[in-house]
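Let's take a look at one residue and then at one pair of helices. Have the model open while you read.

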Amino acid sequence: MTMVYDDTGDEATADVPVRKIRFTINGRKKVAEIEPRLLLADLIRRGVGLTGTHRGCDTTNCGACTVLVDGRAGKSCTMLAVQVDGREVTTVEGLATASELHPLQEGFKQEHGLQCGFCTPGMMLSAKALLDRNPDPTEEDVRWAISGNLCRCTGYQNIVKSVLWAAAKLREREPEPAEASAVNKVEG
Amino acid sequence: MTTTADESRALDEIKIGGLGSSRKRVEDDRFIRGKGNYVDDVVLPGMLHMEILRSPLAHARIKSIDASKAWALPGVRLVLTGEMMATRNLAWMPTLSYDTQAVLATDKVRFQGQEVACVIADDPYIAKDACELIEVDYEPLPPIMNPWQGLAEDAPVIRDDKVNQADNVVYNWEVGDKAGTDRAFEQADVISKMELHYPRSHPSPIECCGSVADFNRATQKLTVYLTSQAPHIVRAAVAMVAELPEHMIRIVSPDIGGGFGNKVPIYPGYVCSILASILLECPVKWIEDKTGNLISTGFARDVYLKGEMALRKDGKILGVRMHTDADHGAFFSDAQPSKFKIGLMHSAFAAYDVPAAHLTARGVYTNKAPGGVAYRCSFRVTEAMFFQERMVQAAADDLGMDQAAFRRMNFVRDDDFPHRTPFGFLTDSGQYAKCLEVGLKAIDYENFRKEQAEARKRGRLLGLGISTMTEPLGAGNSREYDILGIKMFDSAELKVHMTGKAILRTGAKTQGQGHETTWAQIVAHELGIPADDVVVEEGDTDTAPFGMGTYASRSTPVAGAAVAMVSRKIRAKARKLAAHLLEVSEEDIEWELGRFYVRSAPGRGVTIQECAMAAYSNMPDGMEPGLENTAYYDPPNLTWPFAVYIVTVEVDPETGVWDVLRMVAVDDCGVRINPMIVEGQIMGGLTEAYAMASMQFITFDADGNCVGSNYMDYLLPSAWETPGYELHSEVVTPCPHHPIGAKGIGECAAVGGPAAFVNAVMDAISETGVRNIDMPVLPDRVWEALTYRRDVSGAPPIRQD
């Protein structure tokens with residue numbers, strides 16, 4: 001983060017350590033000079049200015065800060081920003097294209113999978129990580145995949161429906177080659 | 001309507017997103033894109049960051065605070081302590097229950113996590129570093145962890161700051177008919193007793209509290225973005241506490257990441273960020289962390305019950321006696337109507353025909369966080385209904401009666417409305433027995449009982465729990481309900497533009513309830529303006545009409561009614577415009593959805609949009625231009641939804657682990673504006689009920705340490721644990737006094753649900769003779785009950801063994 005300090009003549013000011021990292025976020029390449037202790041959630045929210053990634057608990061429990069790092073779901077509140085050096089981050093802002101929502105986004109609206117909306121970005125990204133490796137999940141698969149994301153509003157039933165809605169839509173849109181889905185099944 | 005069906009040109013209400021349409025939510029469009037605007041998303045130029053230093057001890061005298069090292073850290077702009085707040089008369093502030101609460105501690109700390117100092121710095125990381133550099137010298141005092149410790153003769157007085165406070169009693173209060181109740185107990189064949197503790201719980205929205213205070217020295221205007229369910233109450237409080245002129249205060253509640261009652265009170269963090277912004281002339285952001293939220297902000301429940309029911313041997317309830325001891329923490333700050341000390345606890349037994357009842361309530365200070373907020377609840381109604389349904393289950397068992405039959409026999413009958421409850425409320429509508437029948441049929445009651453008996457022979461423990469209740473939602477009416485003297489009405493303002501599009505603002509504040517969607521549906525219902533043509537705004541006190549906010553399921557009963565009433569005012573003016581446009585007298589005009597027409601010539605008509613255009617371009621002589629209005633709505637009574645929740649469980653006799661087999665919910669909340677949203681609310685409430693029954697609670701050890709101050713200790717159910725729900729909506733009893741027949745619904749399931757889960761577990765282990773296990777019904781507690789055949793208390797302090 002760029003910081004401007006009062007010049008108090010204190011040497012400590014000059015000694016704030018800075019580390020340069022390069023990463024990709026939602027397809028855009030970035031360079032950042034950051035304190036090594038900076039959390040990934042803060043890099044995304046305050047550094048890049050993408051506020052769709054939310055901070056809930058700071059202890060890796062609630063999942064409101066979930067993002068994808070190289071395609072895998074992770075909780076950005078307890079990852080250091082330096083850990084994404086050279087890697088690719090996807091946030092909720094990277095789900096939709098300019099002209100089209102991601103089926104998960106449509107599914108959450110169609111099936112009333114959100115109320116206050118605070119957990120929603122993290123929920124959708126955990127679900128995306130699931131659907132990327134298992135395009136035809138069962139209800140149980142979905143419940144397990146999002147069990148690291150807490151929601152206080154919905155009771156989850158409609159979130160599960162939303163994810164299944166999206167899975168069906170994705171399958172209908174891009175029929176999986178038989179081979180690929182077999183591989184996915186093994187991984188899933 | 002005088003036209004026949006084939007002549008009607010009325011709009012199809014469902015097509016325009018009117019009443020009864022499961023319209024998709026408009027707010028979703030920003031949330032699914034990550035474009036919500038929550039308080040932490042607000043960034044202002046030159047904004048500084050505030051962090052709070054909290055007390056590590058539950059009860060201690062502050063001997064000294066040395067903040068010099070914090071001041072010396074580069075990037076630190078200000079360190080606030082209680083002493084500095086006191087010089088501005090801001091060390092203490094009033095609570096919503098006519099008590100006082102420390103903003104920053106001066107003399108003593110009174111609970112673990114209490115706010116002791118604040119640091120404002122260029123960066124939140126620096127502010128956090130600086131907090132760790134503040135040295136506070138504490139002299140520990142004995143902590144009080146429950147009412148009984150607080151009532152002991154040698155207990156230290158927690159509130160020694162208050163003159164005339166010689167002990168730890170907050171209040172003694174009573175309601176009901178003592179003499180009549182005593183007589184009922186003298187005549188009883190059976191007296192059924194129940195003692196239990198409703199544990200301390202925290203609403204715990206995923207988003208914590210926070211504020212961005214922005215004082216502009218040049219204009220003298222203070223703008224505060226903050227997480228409030230009731231922004232107008234905050235404005236009034238800031239005007240009074242900070243002694244700022246009210247017209248120079250603008251409170252904005254942007255998108256809120258869940259509230260559930262937690263975001264009703266005024267918190268020290270808000271006050272400190274405001275003072276810091278005034279002192280530094282910069283915007284100051286404070287975002288609470290999860291521990292701060294769980295350890296210091298509005299808790300709920302923490303009430304002990306001693307209940308007794310006087311019963312005739314045929315099953316008739318003759319009388320009810322209740323005594324509650326409530327643990328209020330260090331400051332009495334319940335967010336509740338001022339007339340009632342223990343909220344609406346006396347709404348208990350409203351669904352039953354009980355001739356006499358008496359309630360005594362005592363409140364006690366302890367060294368725990370203040371609160372007593374209405375957590376998905378109309379002011380302690382959750383405790384009332386839980387106590388009621390646990391007592392009812394025990395009473396039926398004591399009589400040897402079937403659970404369903406005992407309830408059916410004692411319900412208020414459909415033809416007995418309006419009905420005066422034993423504590424004086426007036427219930428007005430319901431079909432209680434019918435709802436119960438729907439629920440019993442859905443769960444296949446008779447067959448389950450057979451299956452249960454069979455299973456028991458093979459050592460399997462199945463159980464079924466019923467909870468039936470009606471609860472008072474939608475405070476108030478202004479005669480009886482006020483907060484800090486402000487009457488609990490609500491408001492709506494509707495402006496119809498010349499092209500027939502409209503903007504609606506209300507005094508409520510959505511936090512996930514979907515007001516932006518449903519309010520537009522009420523306008524569509526009343527005016528025939530398609531819901532998509534109505535934009536809804538809430539939460540900005542500079543633009544929204546004065547209202548008391550959203551909590552206690554009051555939005556639809558009060559603000560929703562105001563939306564209907566303001567729409568009707570608009571329609572009345574549009575009728576005059578229609579008469580002018582059609583060149584007939586107003587008496588000759590008829591209305592059908594979206595259109596006025598001439599009674600004698602139904603084909604001759606004008607749409608509401610044509611009337612709107614005329615209001616700005618072709619009004620009759622002498623008519624005030626424009627098509628705008630405001631309505632303030634003071635409801636004649638509360639609304640009384642009714643619910644039946646039935647749960648079946650299986651308990652593992654070896655481990656005490658229990659699983660939900662089925663959960664059936666029958667909710668009669670009157671007319672449903674948006675059925676999809678109503679069902680979403682019910683499922684959310686059921687999940688909080690399951691959470692409270694199974695895992696979610698805050699407790700303390702004997703030293704005053706909070707257990708449950710982070711999500712590793714404060715367990716919330718995930719999608720994996722949460723059961724599935726079967727919802728039933730076939731019983732609809734419209735509210736007789738609400739303009740569109742709606743009743744509150746947001747909290748019914750969280751209020752009535754917990755008893756269904758607990759009753760089911762108790763039913764499964766009924767052969768042990770155990771009368772009660774306190775919530776949450778953790779596996780180790782069930783195991784203890786199964787193994788030692790004794791009741792299990794969950795009261796703090798927790799056992800250390």
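A residue counts as buried when its relative accessible area is under 20%. Keep in mind that this is a predicted model.

**One serine in chain B**

So, is B:Ser555 buried or exposed? Its relative accessible area is 7%, and because that is under 20%, B:Ser555 is buried. You'll find B:Ser555 in helix H15 of chain B, which covers residues 555-582.

Which residues does B:Ser555 touch, if we skip its neighbours within four places in sequence? They are B:Ala508, B:His515, B:Trp519, B:Thr550 and B:Gly560. With two residues, the side chain of B:Ser555 makes a polar contact, side chain to side chain:

| Side chain | Partner side chain | Polar contact |
|---|---|---|
| B:Ser555 | B:His515 | 3.3 Å |
| B:Ser555 | B:Thr550 | 2.8 Å |

**Two helices in chain B**

Two packed helices are described by the angle between their axes and the distance between the axes. Helix H17 (residues 675-694) and helix H18 (residues 748-764), both of chain B, have axes 7 Å apart and pack at an angle of about 45°. H17(B) and H18(B) are therefore oblique to each other, and their crossing is right-handed.

Who meets whom here? On the H17(B) side, the residues include B:Ile682, B:Leu686 and B:Tyr690; on the H18(B) side, B:Gly753, B:Pro754 and B:Phe757 are among them. By class, this contact has 11 nonpolar, two polar and one charged residues.

Key
Residues numbered from 1 in each chain as written. Chains lettered and ligands numbered in written order. Predicted model: local features only at pLDDT ≥ 70, side-chain atom pairs only at ≥ 80, totals over all residues. Heavy atoms only, no water. Helix = DSSP H or I, 4+ residues; strand = E, 2+ residues; numbered from the N terminus. Buried < 20%, exposed > 50% of the residue type's maximum accessible area, 1.4 Å probe, protein only. Contact = heavy atoms within 4.5 Å. Polar contact = N/O pair within 3.5 Å; in protein donor to acceptor, adjacent residues only side chain to side chain. Axes fitted to C-alpha atoms, helices over the stretch in contact; angles between N-to-C directions. Parallel < 35°, antiparallel > 145°, perpendicular 65-115°, else oblique. Left-handed = near helix turned anticlockwise from the far one by under 90°. Nonpolar A, V, L, I, M, F, W, Y, C, P; charged D, E, K, R; others polar.
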